[in-house]
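Please have the sequence and the model open as we go.

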Amino acid sequence: MDTVKTMRAEHLLNLVGDRLHTLPLIVLYLTDGCNSKCVTCDIWRNPRRNMSLELVETIAEACQELRVKWLLLSGGEAMQHPGWPGIAQRFREAGIYVMLLTNGLLLRKQAEAVIASVDEVIVSLDGGTAETYQAIRGVDGFDLVLEGIRAVRAGGLPVITRTTVQRGNYHEIPQIITVAKDAGATRVSFLAVDVSNEFAFGPRFTADTSLPILSTTNDSITQHQPPSSTALTADDVSKLAQVLDEVEAQFADDFASGLIAESPAKLRRIAGYFAALTGQTEFPRPRCNAPHINVVIEVDGTLRPCYFLPAFGQIHVSQGATGEAASLKTEINNDTARALRQAYRTGARPECERCVCPLYKGPRSLLRM
C-alpha cells in the first residue's frame, strides 16, 4: 500500500516546476490516415503513414518506469492501423487504461475487436441529422456511426460522444444529445471548433481559402484571412446562447446525472469563445495543465506537449535491451520541452489563450489515480 501511495505521490511532482517525473497520459497517433473528409481538417488528403510496431514497443517499454496510467489511441483514424487491436492489448497488459478516439465509421464492422481490446470509446458525432453530419464530416456515415455505438455498448463498453461545435451544427445540439442517448452513449461531450491554431491536427488550412492562417511571431497571434466558415458569426453567437438556454431546461436531468459531461456554465464558455472570435469579448482563458501530465506522440515518434503546442523532440525505435527504450523519459524533459512548459504556465504561449480543448488534473485527481 505504501508503494502505491508513493507512486501516486510521484504524479504530484509534475505540478512543481517544469520537469516531468511521471507521465500519466499518452496520446498515441497510430496513423495519420483517415476515412472521413472533414471540413476542419486536411489530414485525409495526405498519404497514410502507420506507426511501426517497433516504435509502439519502444513506447510500451517505457510506460512502466514513467507510471503511465491512461493511453488514448488517436490519429487520423486509429482503427485504420491494421495492428491497432494488438497495440491496444499490449498496453492493457501493462495495466494501462486504454481509450479509443474514433470517427466511428469502423465501429460496427470491428465491434468485437473494440470490445476485446479497449476500456473506453470516444466517438466523434458532429451532427444530429444525417444531412448535417455529412456536410461536416464529408461522408454519409451518420447511421453507421450510431449503429457502431449501439454494437459497442451491447458489449458493455462505455462510449462517450464528442461533438465539435461549429457554425454548421450548433443549432442541432439538442438533437445530438437525443440521438446519442438513444444510441446508448454513456456520456455526451461538446467542445468548440478550433479555427486559429497552426500546430493542431495537421495542415488543416489549405482546402478552404476562407479559413484563417495565424502566425505566432513575437508571441502574438495575427489573423491574415477573413473569419473561418466554421466559426460562428455575432448573430450565430446570440442564437447559440438561446440554444444553450433551451438545452439547460430540456436536459436538466442529464446534466444532473453527468450524462452531459459539461455543466451548463462550461457549455456557455463555448459561446464565449465564439464571441471572442468576433471581437465581442475577451477569450475565456481555460484552466489547463496538459503539458504537465501528458504527451502526444505522432506516427513517426515526434513529441508534443499537447494537441495545440509545437513539437519538442522525437523518440526512435529501441536498439537493444539498454538502448533507446528509455529515450521517451529523456526526451520529455529536454530543454525545449521544459521551456514550452514554462512558457504556457507563465502565459507566454498565445495559443493557450484561445485553446478549445483544455485538460486539467489537480492534485486530488492525480492522487486518486
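L28 stands opposite L73 in strand β2, and the strands involved here, β1 (residues 25-29) and β2, pair in the parallel sense over five bridges. Strands and helices are DSSP runs numbered from the N terminus, with at least two residues (E) for a strand and at least four (H or I) for a helix, and two strands pair if DSSP finds at least two bridges between them.

Please keep in mind that this is a predicted model, in which local features need pLDDT of at least 70 and side-chain atom pairs count only at pLDDT 80 or more, while totals for chains, interfaces and linings use all residues. Residues are numbered from 1 along each chain as its sequence is written, and side-chain values use heavy atoms, with hydrogens and water left out.

How does the chain get from β1 to β2? The path runs through helix α2 (residues 53-63), and this β-α-β crossover is right-handed, meaning that, with the strands pointing away from the viewer, the path from the first strand over the helix to the second runs clockwise. A right-handed β-α-β unit is also made by β2, helix α3 (residues 84-93) and strand β3. Strand β3 covers residues 97-102 and pairs with β2 in the parallel sense over four bridges, and here L71 stands opposite V98.

Strand β2 covers residues 70-74, and because four of its five residues are buried, it is largely enclosed by the rest of the structure. Buried means under 20% relative accessible area, exposed over 50%, and partly exposed in between, using a 1.4 Å probe and protein chains only.

Turning to the rings, the structure holds five aromatic pairs, where rings of Phe, Tyr and Trp (its six-membered ring) pair if their centres lie within 6.5 Å, and planes under 30 degrees apart count as stacked, over 60 as edge-to-face and the rest as tilted. One of them is the stacked pair of Y29 and Y307, at 6.4 Å centre to centre with 25° between the planes. Y29 lies in β1 and Y307 in the loop between β10 (302-304) and β11 (313-314), so the pair ties together parts that are 278 residues apart in sequence.

Finally, how many disulfides does the structure hold? There are zero, a disulfide being a pair of cysteine sulfur atoms within 2.5 Å. C352, for instance, has its nearest cysteine sulfur, that of C306, 6.4 Å away.
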